[in-house]
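Here is a short note for a colleague who has not seen this structure before. Please read the points with the model open.

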Amino acid sequence: MVQNQVYVSSVSMCREGPGVSYGLYGALAGKGVIVKDKAFRNLKASELHKKGASITESFSGLPMHIRGNVLGGASETTKAQFGKLLKQVTSHLSSISEVFVHDGAIGSLPKCDAKVRVISDSPAAVLSLSNFLWETPTRAVSHDSCPITVYAVTSISPTAGETIGLGAKDYRGFIAADVERSLLVLGGKGFSDANGIKEALAALAGPIISSRGGIPLSARLLASGDSVTILFAPEDVIQSISDKLVTKDSGVVLSSRGISPLFQMKNPGGPSFFKLPATVVLITSDSSGVIPSISKLSPGQAAYHFLAGFQDGKFVPAYCKGPSPFDPLELSQALFSELQNNQISSFLINVGGRDKSVAGE
């Protein structure tokens with residue numbers, strides 16, 4: 001009874017906006033986190049620094065476990081194992097004095113994005129994740145029908161990883177996602193593996209974006225004036241033209257409304273999304289002489305080469321190397337429809353047998 005009185009007293013003084021609020025406490029409780037003392041939402045970078053956030057060492061290649069119906073990268077983690085992990089995570093967050101929350105989005109196209117709520121024990125983790133999530137209006141996450149929830153727990157016991165088959169030895173952190181429940185858990189230094197997090201978030205956001213009329217593609221954007229090009233290419237080609245790309249991150253959302261990168265761009269003054277692309281360029285690598293250096297494609301031919309993803313004698317369907325919840329054939333059919341309906345020109349460039357650069361093509 002006394003505990004209930006303290007809880008009501010604390011939230012009755014809260015205001016909406018940065019900091020704590022009655023609605024926020026209730027929303028967190030719905031995600032299994034009972035706030036012990038205070039919860040802070042959408043703090044600015046300067047405020048997070050005052051709370052102790054600092055630039056941390058970046059990691060890559062941390063263990064990633066994704067359960068659900070995904071192609072490439074799916075783990076053997078069971079629903080029961082993930083449920084057990086989730087219980088440990090929420091219990092940990094409910095035991096600490098301060099919880100940090102950040103709301104954002106994947107993709108910036110209106111009505112075609114995936115809302116994200118980050119719940120963490122660390123201002124550093126929130127600062128890191130806020131750097132690549134798009135901004136979203138106040139209460140947008142609360143009003144969304146299927147937001148993604150990210151639990152970033154830096155101070156949880158290393159034994160938490162054992163729940164999903166990770167050993168405690170040489171423990172640094174892990175990334176665990178459940179596509180069916182739109183959940184992501186970042187344990188230990190997991191929040192420092194930006195590439196791994198983006199792969200996991202792209203897999204979680206894909207079905208949501210698709211249900212809202214968008215097509216999530218493993219591609220980059222080239223922009224020149226008012227002209228925008230979608231580029232599908234292997235990483236070595238991407239590195240050769242990285243200074244010309246809108247963003248170095250792989251992942252865009254294409255819809256009848258336009259196109260946007262999945263993740264926030266480094267240039268804060270640039271546009272958040274673009275009009276429909278003028279062209280689609282697919283880069284292949286074949287030294288047999290069968291494929292010309294450059295070919296103009298019909299929508300059907302473009303969809304075929306997109307589906308094949310031929311690179312150096314290997315096939316990378318849909319040019320996607322990370323975990324994906326989509327059948328590549330479904331993606332190619334969706335791309336075909338957009339190219340045909342919007343009369344978008346398509347080209348195939350073969351870089352086999354020469355310097356793998358498309359600059360000036």
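What percentage of the 361 residues of the protein count as buried?

1. The share that counts as buried is 51% of the 361 residues. The protein exposes about 16,700 Å², and carbon and sulfur atoms supply 51% of that area.

2. This is a predicted model. The average pLDDT of the protein is 85, and 88% of the residues score at least 70. Over residues 1–20, pLDDT stays under 50; the model has 26 contacts beyond four places in sequence for this stretch. Where pLDDT is low, the predicted coordinates should not be read in detail.

3. The protein has 9 helices and 17 strands. Taking contacts between residues at least 6 apart in sequence, 70% join residues at least 24 apart.

4. An open sheet is formed by 7 strands in the order 1-3-4-5-7-6-2, with mixed pairing. Strand 1 (38–41) and strand 2 (64–67) are at the edges; each has a single partner strand, so one side of each has no neighbour in the sheet. From one strand to the next, the twist averages 15 degrees.

5. Strand 2 and strand 6 (residues 173–178) run parallel and are joined by 4 bridges. Met-64 stands opposite Ile-175 in strand 6.

6. Helix 4 (residues 79–93) lies across several strands, including strand 2, strand 3 (98–106) and strand 4 (114–120). Helix 4 runs at about 65 degrees to strand 5 (148–153).

7. A search of the whole structure finds 0 disulfides. Cys-146 is partly exposed, at 27% relative accessible area. Cys-320 also counts as partly exposed, at 27% relative accessibility.

Definitions and conventions. Residues numbered from 1 in each chain as written. Predicted model: local features only at pLDDT ≥ 70, side-chain atom pairs only at ≥ 80, totals over all residues. Heavy atoms only, no water. Disulfide = S-S within 2.5 Å. Buried < 20%, exposed > 50% of the residue type's maximum accessible area, 1.4 Å probe, protein only. Helix = DSSP H or I, 4+ residues; strand = E, 2+ residues; numbered from the N terminus. Contact = heavy atoms within 4.5 Å. Areas by Shrake-Rupley, 256 points an atom, 1.4 Å probe, with all protein chains shown as cover. pLDDT = per-residue confidence, 0-100. Pairing = 2+ DSSP bridges. Axes fitted to C-alpha atoms, helices over the stretch in contact; angles between N-to-C directions.
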